[in-house]
Amino acid sequence: MTLLRPRARRLPLNAAAVLTVLVCLFPVYWMISTASKPSRDIQSADPKLFPHTWTLDHFRTAVQADGFELFWRNSILVTLSSILLALLVAIGSAYAVARMRWKGRRQFMLMVFVAQMAPWESLIIPIYIISRDTDMLDRLPTLTLVYFMVTLPFSIVVLRGFIATIPPELEEAAQVDGCTRTGAFRRVALPLLAPGLMATSLFGFITAWNEFAYANFLIIKHQDSRTLPVWLSSFQNTFGTDWGATMAASTLFALPALVVFLLLQRHVTSGFAAGAVKG
C-alpha cells in the first residue's frame, strides 16, 4: 500500500510529461509524414493521420532542386565559422571576467546581459544600413559576423559560469610546475571546459543554422550566397506551394541539427546549469 501511493502521486506528472512529449513531437511527425505522402493525399480534403501509401518522390524533388548542394555548403560554412569565432572570443572574455579582477568588469557583464536580451529583429535595419554603406551586402562573411554577434553574449555568459566552477588552485599548481598562465589554462582548465564548449556550440549551431531573417535581408542580389532557410522558400511560387517538397526539404534541413544535438546532448544539461548558477 505504501508503495502504491508514491506511484499514484507520480501518475499525473508522468501523464503530463507524456502528453507534452506527444504535443512537441506531433509537428515533426506531421512534417515527415507529409513529405512521404503522394501529392493527391496531401491535397485531400480528408487528411489521414497515417499515410496509406509512402513515396520518396518529394525527397527526390528537394535534392534535385536548383542550388541544393550550394546552399548546403553556404549554411555549413557560415554556421561553423560563426561558432568557431564566437568560441575563440568568448573563451578569452569569459576567462578574463571569471578569473581576473579589473575595473569595469561588472559593467562589462552588464553590457553582455543587455546585448543578450536585445531582440535580434530590432537590429536588422541598422545592420542592413551598415552593410550597405560598407559594401558588405550579398557576402557570406557578413552573415558570419552577424551570427557571431548574436551568439557571442550567450557564449560569454555560459563559459564564464563554467570557468568559475573550475578551482583556480589547479592552474596555480600548474604555474608552480613551470607553466605560464596561458599554458596552465590550455593544459588544465580547457579540457575541463568541454561540457560548456559543447553546450555553447550547440546553441550557436541551432541559432545560425535556422536563422532566416538576416539571410533573407542581407543576401539580395547574389542568389548563390543564400543559405538553406532561404532556399526552403523556393518551393513557393505564383501557382502555390509544393507542400510535399517543402516538407521533404524541411526534413533534410532538420537532420543536421538533430544529429548535432544527439551527439552533444549529454554535455548540454551540465553546461547550461553551470552557466546559469555560477558567477
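**Briefing on selected helices and residues**

T207 has its place in helix α10, and the model in which it is described here is a predicted one.

**Residues of helix α10**

- T207 is buried, because its relative accessible area is 10%, which falls under the 20% limit.
- Leaving aside neighbours within four places in sequence, T207 is in contact with W120, V150 and T151, and its C-alpha atom is separated by 7.7 Å from that of Y147, which is 60 residues apart from T207 along the chain.
- T200 is likewise found in helix α10, and with a relative accessible area of 3% T200 is buried.

**Helix α4 against helix α10**

- Two packed helices are described by the angle between their axes together with the distance between those axes.
- Helix α4, which covers residues 68–99, and helix α10, which covers residues 194–210, have axes that come within 9 Å and cross at roughly 140°.
- The crossing in which α4 passes α10 is right-handed.
- On the α4 side the contact is made by W72, S75, I76, T79, S82, I83, L87 and I91, and on the α10 side by L197, T200, S201, G204, F205, A208 and W209.
- Sorted by class, this contact of α4 with α10 has 9 nonpolar and 6 polar residues, and no charged residues.

**Helix α4 against helix α9**

- Helix α9 covers residues 181–192, and it packs with α4 at an angle of about 100°, the two axes being 13 Å apart.
- The two helices are therefore roughly perpendicular to each other, since an angle from 65 to 115 degrees is counted in that way.
- I91, Y95 and R99 of α4 make this contact with R181, F185 and L190 of α9.
- By class, the contact of α4 with α9 has 4 nonpolar residues, no polar residues and 2 charged residues.

**Residues of helix α9**

- L190 has its place in helix α9 and is partly exposed, with a relative accessible area of 29%.
- Not counting residues up to four places away in sequence, L190 touches I91, F185 and L197.
- From C-alpha to C-alpha, L190 and V158 are 14 Å apart in space, and in sequence they are 32 residues apart.
- L192 also has its place in helix α9, and with a relative accessible area of 42% L192 is partly exposed.
- The residues that L192 touches, not counting those up to four places away in sequence, are F162, I166 and L170.
- The C-alpha atoms of L192 and W54 are separated by 47 Å, and these two residues are 138 residues apart along the chain.

**The loop between α6 and α7, and helix α7**

- Most residues other than glycine have a negative phi.
- D135, placed in the loop between α6 (124–133) and α7, has a positive phi of about 55° although it is not a glycine.
- D138, whose place is in the loop between α6 and α7, has a positive phi of about 60°, and D138 is not a glycine either.
- D135 is exposed, with a relative accessible area of 55%, whereas D138 is buried, with a relative accessible area of 10%.
- T142 is found in helix α7, which covers residues 140–164, and T142 is buried, with a relative accessible area of 5%.
- The side chain of T142 reaches the backbone oxygen of M136 at 2.5 Å, and M136 is among the residues that T142 touches, together with S131 and L218, when residues up to four places away in sequence are not counted.

Terms used. Residues numbered from 1 in each chain as written. Predicted model: local features only at pLDDT ≥ 70, side-chain atom pairs only at ≥ 80, totals over all residues. Heavy atoms only, no water. Helix = DSSP H or I, 4+ residues; strand = E, 2+ residues; numbered from the N terminus. Buried < 20%, exposed > 50% of the residue type's maximum accessible area, 1.4 Å probe, protein only. Polar contact = N/O pair within 3.5 Å; in protein donor to acceptor, adjacent residues only side chain to side chain. Contact = heavy atoms within 4.5 Å. Axes fitted to C-alpha atoms, helices over the stretch in contact; angles between N-to-C directions. Left-handed = near helix turned anticlockwise from the far one by under 90°. Nonpolar A, V, L, I, M, F, W, Y, C, P; charged D, E, K, R; others polar. Parallel < 35°, antiparallel > 145°, perpendicular 65-115°, else oblique.
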